[in-house]
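This report describes selected features of one structure. The sequence and model come first, and the description follows.

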Amino acid sequence: MNVDSLFNAFEEKTILVIGDVMIDAYVNGKVSRVSPEAPVPIVNFSNKEERLGGAANVALNLKALGATPILCSVIGNDTAAKNFNELLSERALPTHGMVQSPNRKTTVKTRVIGNNQHLLRIDNEDTHDINSEEEQKIIQRVKQLIASETIDAIIFEDYNKGLLTEKVITECIALANENTIITTVDPKKKNFFAYKNVTLFKPNLKELKEGLNVLFDFSDKIAFEKAANKLVSVLQCNKLFVTLSEHGVFIQEEEKRDYVPAHIRNIADVSGAGDTVISVATLCLTAGCSNTQVAEIANLAGGLVCESVGVVSIDKEKLRTEVLKLN
């Protein structure tokens, strides 16, 4: 597929993103002295900004590439929920997949930045699993969305904040498979092995080791591939896609394996790179790319966002330029 056709294909896709959402808040100011009350800097406040985070950042990446993302998550009935919905509206993201609950806080992560240095982070959140009533609401919402929209793929974006319980995971995967919908996963350790029978499972190297409780150095390819085979065997996933930081990425389907090296970049910040990689990999799958193309293009995208400070969405034109060079 040529590059223009590929990027045009992205614009026809609707992707359901099921995962933990949050607000990333930044309190910015200047530091000129230390407090007389305790050995801490005094931050002279200049401004505060709020951004969409967690699974909502995956939605932003999908939108940046021209696709239509639909977020499905649980937020509270609090002021932060109102702010979250306003942020969705500002970015022209649909809200009809969201479920509000009076039993939970909307996750807000507030970073205090003084003189461009990260001094402190305050997390205001609930991280216990959603209750059975909330589980049913989410599963029902996913059913409704599959019935009413043409969903090309479902991304499970797990941040261990309690939305993706074993029941939500297994029932939503079953719904997707019944409807022949591609499923991709950006996992966390807690329910690592609940994601059985998905199309693509994307841990990083650390998550792979922790999930399987194995220790090895990446230079030992035999040990790495043995771990990869074990994970595929347990999960029965169609494709395993492992991000390897400075070593690039690895993709496996049955006996076919492919290592794609990292590109030399000026790395400013790795925050949000995983969100970009799962977004791009999923869109490439829906567009019919080969495993090698999925790995190469997602690898390029992850590297590109690392050149910017903070969590940023992929720049479509920059990615297009890089993919053209690849060809």
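## A buried threonine

Thr106 lies in the loop between β6 (99-100) and β7 (108-114); strands (E, at least two residues) and helices (H or I, at least four) are DSSP runs, numbered from the N terminus. This is a predicted model: local features need pLDDT of at least 70, side-chain atom pairs count only at pLDDT 80 or more, and totals for chains, interfaces and linings use all residues. Residues are numbered from 1 along each chain as its sequence is written, and side-chain values use heavy atoms, with hydrogens and water left out.

Thr106 has a relative accessible area of 3% and so counts as buried (under 20%, with exposed over 50% and partly exposed in between; 1.4 Å probe, protein chains only). Its side chain makes a polar contact with the side chain of Asp78 (2.7 Å). Such a contact is a pair of N or O atoms within 3.5 Å; within protein, one must be able to donate a hydrogen and the other to accept it, and residues adjacent in sequence count only if both atoms are side-chain atoms.

## Nonpolar cores

Not counting residues up to four places away in sequence, Thr106 touches residues including Ile75, Ala80 and Phe84 (contact means heavy atoms within 4.5 Å). Phe84 is among the residues with the most contacts inside the largest nonpolar core, which has 55 residues. A nonpolar core is a set of buried Ala, Val, Leu, Ile, Met, Phe, Trp, Tyr and Cys residues joined through side-chain atoms within 4.5 Å. Apart from this core lies another, of 46 residues, among them Ile70 and Leu164.
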